[in-house]
Amino acid sequence: MRSLSLCFLVLFLFGCETTESEIQETPKIFTHFEPKHTFLDKSDQRIIEDAQVKPQNTVLLHKKVNIKKPSPKATDLWVHIAENLHFKIDQNRALKQRINWYLKQPNYLRAVNKRAAPYLYHIVKKIEQKQLPMELALLPFVESDFRPTIASSQQAVGVWQLVGATAHHFGVQSDQWYDGRQDVLASTDAALDYLSYLHKRFDGNWLHALAAYNSGEGRVKRAIEKNKKRGKSTDYWSLSLPKETADYVPKLLALSYLVKHPQKGIKRPKLAYKPFTTQMNIGQQFDFSVIAKLSGIGSKQLHAINQGYLKNQSSPNGPHTLLLPIGQEALLKSQFFKSNFAGEYIVKQNDTLYGIAKRFSMSVKALKQLNNKNNNLIGVGEKLLVGQPKTLPSTLTVDYKISPYLEHQEIAIPTIEIDYEVKSGDSLWSISQLYDVPHSDLAKWNKLSASSILKPGTQLVLFIPQAEKQKAAPIKKDLLLDLQKTLNQPR
């Protein structure tokens with residue numbers, strides 16, 4: 001009897017040890033909190049907030065731990081955007097109208113995506129770094145159909161449609177050489193900072209913040225106060241706002257809904273989850289034609305993705321940051337970069353890769369890529385290439401009186417007036433795409449709103465370049481199609 005009891009005791013202890021061992025094998029970091037944001041690139045750091053990790057010696061016995069498996073890494077940027085859209089969607093009349101509008105232009109996103117492709121990855125990363133809603137990545141589509149140089153009747157400019165005062169307040173430079181509102185990434189920083197400010201001013205209500213972004217902070221505050229005095233609800237849908245603003249937020253929410261649910265009818269684009277362009281600080285005044293010659297990238301292509309620059313040269317006072325149509329890794333390994341824009345640093349006692357990278361405003365990954373390093377080992381006296389632009393006076397500019405780019409831009413292109421009869425199934429969007437004119441311009445020419453429904457037989461007027469008179473449609477080729485072809489070529 002005694003031996004039998006000992007046998008049961010041994011089995012019991014063995015069972016306890018097995019349970020404890022199995023629980024200890026579970027990574028504790030996943031059992032006590034869930035990451036608020038996860039950056040999917042290997043080079044990005046996982047951001048974890050409000051972690052409450054229990055002490056290492058804490059053992060949870062006889063308790064089942066449910067671990068949420070991390071979702072597989074997205075390989076498509078649009079899939080990643082869709083998976084991170086979290087705004088609550090109320091299926092009301094205004095929203096349904098906007099959804100129906102988009103469904104009548106099922107190719108809308110695919111068409112605009114061609115203009116967004118060089119920038120969208122960077123915008124998504126900036127939104128994640130600032131821990132803002134992913135829905136904001138869709139705002140340039142709503143604001144401008146992602147046209148960097150478009151200007152509204154209120155002189156709001158660029159993909160984020162920033163007016164001069166707001167842009168200046170949030171640090172956007174502007175002079176005769178450069179307009180940061182047309183610089184997609186510079187204006188993105190300003191727009192996101194402005195939206196963050198509005199979010200705080202409206203006590204964390206994103207719909208109020210978005211309405212204020214469109215029509216102004218004061219107007220939305222007055223609408224809220226008016227409802228308070230009348231004892232009415234102050235939610236966005238109950239506010240009395242201008243028609244443009246009343247349509248603005250539903251337009252963003254509708255686009256968000258359809259991106260998340262493409263099976264409803266919109267054709268979601270495909271775009272690799274990686275950067276197609278790299279920002280590079282030239283470090284001094286430069287000429288587009290010189291950079292084009294050094295890099296082998298066409299001057300036309302450089303201008304197409306750097307439309308913040310108004311001349312063929314950067315300003316003597318900066319900025320001197322250029323977006324190049326190649327990935328960072330390819331840039332750092334290129335002879336173009338190593339020969340012209342990489343300085344040399346000699347490793348000293350107690351140096352680390354992290355310290356050197358920080359000193360030259362680089363990431364450790366970029367420093368290792370530039371020096372073809374697979375590990376973190378460095379030796380005293382070792383020569384490292386660093387991302388410090390060399391001083392090359394007079395080699396990056398061309399001496400001429402008139403910029404050929406500016407001269408080209410100032411040539412007035414005559415236009416001709418065309419009458420178009422609306423056919424069954426036509427919409428303002430489809431006609432604007434047919435003749436490659438801005439959707440907002442087509443609406444303005446015909447004194448219509450952006451959401452106007454067209455009746456067959458209606459006569460519309462369009463103004464198109466006379467040089468292209470013989471072409472039926474579309475009228476001109478988007479310069480960014482050249483970039484798209486370049487990006488799709490295997491390296």
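Colleague: Where in the chain does Leu377 lie, and is Leu377 buried or exposed?

Modeller: In this predicted model, Leu377 belongs to the loop that links helix H18 (364-370) with strand S4 (383-386). Exposure is read from the relative accessible area, where exposed means over 50%. Leu377 has 63% relative accessibility and therefore counts as exposed.

Colleague: Where is Gln131 placed, and how is its accessibility classed?

Modeller: Gln131 sits in the loop between helix H6 (120-129) and H7. Its phi is positive, about 55°, although Gln131 is not a glycine. Gln131 has a relative accessible area of 30%, so it is partly exposed. A glycine case is Gly296, which follows H13 and has a positive phi near 80°.

Colleague: Is Arg147 buried or exposed, and what does Arg147 touch?

Modeller: Buried means under 20% relative accessible area. Arg147 has 14% relative accessibility and so counts as buried. Its place is in the loop between helix H7 (139-144) and helix H8 (164-169). Leaving aside residues up to four places away in sequence, Arg147 touches Arg115, Gly158, Val159, Gln433, Val437 and Pro438.

Colleague: How many residues of H12 are buried?

Modeller: The count is 13 of the 18 residues of H12, so this helix is largely enclosed by the rest of the structure. Helix H12 (residues 243-260) reaches 26 Å from its first C-alpha to its last, close to the 26 Å expected at 1.5 Å a residue.

Colleague: At what angle do H4 and H12 pack?

Modeller: Helix H4 (residues 93-103) packs against H12 at about 60°, and the axes are 8 Å apart. That angle makes H4 oblique to H12. H4 passes H12 in a right-handed crossing. The residues of this contact divide into 11 nonpolar, no polar and 3 charged. On the H4 side the contact includes Arg98, Ile99 and Tyr102, which are among the residues that meet a set in H12 including Asp247, Lys251 and Leu255.

Colleague: How do the axes of H9 and H10 cross?

Modeller: The axes of helix H9 (residues 184-201) and helix H10 (residues 206-215) come within 8 Å and cross at roughly 125°. H9 and H10 are therefore oblique to each other, and H9 passes H10 in a right-handed crossing. Ala191, Tyr194, Leu195, Leu198 and His199 of H9 make the contact with Trp206, Ala209, Leu210, Ala212 and Tyr213 of H10. These residues divide into 9 nonpolar, 1 polar and no charged.

Colleague: How many helices and strands does the protein chain have, and what percentage of its residues are buried?

Modeller: The protein chain has 22 helices and 6 strands. Of its 491 residues, 44% are buried. Among contacts between residues at least 6 apart in sequence, 69% join residues at least 24 apart.

Notes: Residues are numbered from 1 along each chain as its sequence is written. This is a predicted model: local features need pLDDT of at least 70, side-chain atom pairs count only at pLDDT 80 or more; totals for chains, interfaces and linings use all residues. Side-chain values use heavy atoms; hydrogens and water are left out. Helices (H or I, at least four residues) and strands (E, at least two) are DSSP runs, numbered from the N terminus. The expected span of a helix is 1.5 Å times one less than its number of residues. Buried means under 20% relative accessible area, exposed over 50%, partly exposed in between (1.4 Å probe, protein chains only). Contact means heavy atoms within 4.5 Å. Axes are lines fitted to C-alpha atoms, for helices over the stretch in contact, and angles run from 0 to 180 degrees between N-to-C directions. Angles under 35 degrees count as roughly parallel, over 145 as roughly antiparallel, 65 to 115 as roughly perpendicular and the rest as oblique. A crossing is left-handed if the near helix is turned anticlockwise from the far one by less than a right angle, and right-handed if clockwise. Ala, Val, Leu, Ile, Met, Phe, Trp, Tyr, Cys and Pro count as nonpolar, Asp, Glu, Lys and Arg as charged, and the others, Gly among them, as polar.
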